[in-house]
Amino acid sequence: MPTRRHVIALAAVSAVVPGLIRSARASPWPDRTVHMVVPLAAGGPTDVNARVVAEPLSKIWGQQVVIDNKAGAGTNIGNAYVAHSDPDGYTLLFGTSSLASNGALYRSLDYSPFTDLSPVSLVARFPFFMFVPNSSPAKTVPEFVDYVKAQPGKLIIASPGTGSGPHLAELLFLQMAAIQMTHAPYRGAAPAFTDLIPGRVHCYFGSGELLTYSRSGQVRVLASTGAKRSPAAPDVPTIAESGVPGYVVDSWQGVFAPAKIPNEIVQKISRDLAKALAEPSLVEKLGRNA
């Protein structure tokens with residue numbers, strides 16, 4: 001039988017515990033490091049843009065935002081990692097347009113882009129650019145088409161992964177231009193471009209961040225995939241105006257979280273991202289990298 005002392009002790013605990021629970025629930029998010037997963041290799045355009053976004057978020061939140069690169073399987077390794085993470089806001093995904101297509105491209109996925117991930121915020125929309133090595137005889141899109149037609153299936157077109165945005169843009173181009181090339185998937189833009197520069201691969205579709213290589217004379221840019229010329233390179237024609245009428249491809253990057261994440265955390269991340277993206281300097285950096 002409980003003694004009077006036990007009753008008093010239990011009453012004291014009962015009075016204190018609800019307050020402790022309320023205090024724990026009121027703990028502001030984030031109160032520790034946030035991990036942002038990039039499903040592609042370090043050094044590529046997606047990785048660069050993720051780091052551009054992470055920097056102001058670290059300042060706004062007063063907590064470090066760490067970039068974790070989990071490349072492979074056409075972004076599915078990184079996507080699945082986040083999809084299966086705790087929905088507490090401490091693991092986020094810097095996702096790409098491959099999220100919209102992987103379900104149709106892969107026979108089975110161990111996650112659903114639609115039910116296992118929650119969209120938080122769009123970060124950037126952008127076209128791709130068509131790059132060839134300086135050793136290529138092609139200086140225009142029509143010349144490239146003729147070059148490939150002369151040796152169907154023998155030339156290599158690289159991508160940052162099967163099913164990635166650049167890969168799908170390349171497939172559409174090959175189909176509409178009626179040419180054949182061998183696809184070489186890499187684990188990101190950086191390793192693919194490393195082989196493009198010396199001519200081990202013969203074409204690569206990538207984002208505007210890679211224009212630094214053409215401006216420094218390391219590769220040649222032939223065209224962009226957008227409906228109109230990109231402000232990042234107004235002197236570069238579109239593929240549509242270069243002999244493949246009707247060709248248009250744009251891509252995007254955005255932040256996602258595991259499904260069932262509390263709505264108040266989603267709203268906070270979204271608001272703080274909007275605040276960061278309102279800075280002209282950040283928009284300029286994203287424009288250069290996209």
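Trainee: How do the residues of the lining of the largest cavity divide into nonpolar, polar and charged?

Mentor: This is a predicted model; local features need pLDDT of at least 70, side-chain atom pairs count only at pLDDT 80 or more, and totals for chains, interfaces and linings use all residues. Residues are numbered from 1 along each chain as its sequence is written, and side-chain values use heavy atoms, without hydrogens and water. Ala, Val, Leu, Ile, Met, Phe, Trp, Tyr, Cys and Pro count as nonpolar, Asp, Glu, Lys and Arg as charged, and the others, Gly among them, as polar. On that basis the lining comprises 11 nonpolar, 12 polar and one charged.

Trainee: How much space lies in the largest cavity?

Mentor: A cavity is a set of points on a 1 Å grid over the protein atoms alone where a 1.4 Å probe fits but cannot get out, and lining residues have an atom within 4 Å of a point. Grid points are joined across faces, edges and corners, and a volume is the space filled by probe spheres set on the points. The structure holds one cavity of 30 Å³ or more. The space in the largest cavity is about 220 Å³.

Trainee: Of the 24 residues that line the largest cavity, which are the closest to its centre?

Mentor: Helices (H or I, at least four residues) and strands (E, at least two) are DSSP runs, numbered from the N terminus. Helix H2 (45-61), helix H6 (165-177), strand E8 (203-206) and strand E10 (250-258) each supply at least two lining residues. Closest to the centre are Leu40, Thr46, Phe128, Pro160 and Pro166.

Trainee: Which residues have the most contacts inside the largest nonpolar core?

Mentor: A nonpolar core is a set of buried Ala, Val, Leu, Ile, Met, Phe, Trp, Tyr and Cys residues joined through side-chain atoms within 4.5 Å; buried means under 20% relative accessible area, with a 1.4 Å probe and protein chains only. The largest such core has 55 residues, and those with the most contacts inside it are Met36, Met130, Phe144, Phe173 and Phe205.

Trainee: Is Tyr90 buried or exposed, and what is its relative accessible area?

Mentor: Tyr90 lies in the loop between helix H3 (76-83) and strand E3 (91-96). Beyond its neighbours within four places in sequence, Tyr90 is in contact (heavy atoms within 4.5 Å) with Trp29, Pro30, Asp31, Arg32, Thr33, Val34 and His35. Tyr90 is buried, and its relative accessible area is 8%.

Conventions:
Buried means under 20% relative accessible area, exposed over 50%, partly exposed in between (1.4 Å probe, protein chains only). On a 1 Å grid over the protein atoms alone, a cavity is a set of points where a 1.4 Å probe fits but cannot get out, and a pocket is an open set with protein on both sides within 12 Å along at least five of seven lines; lining residues have an atom within 4 Å of a point.
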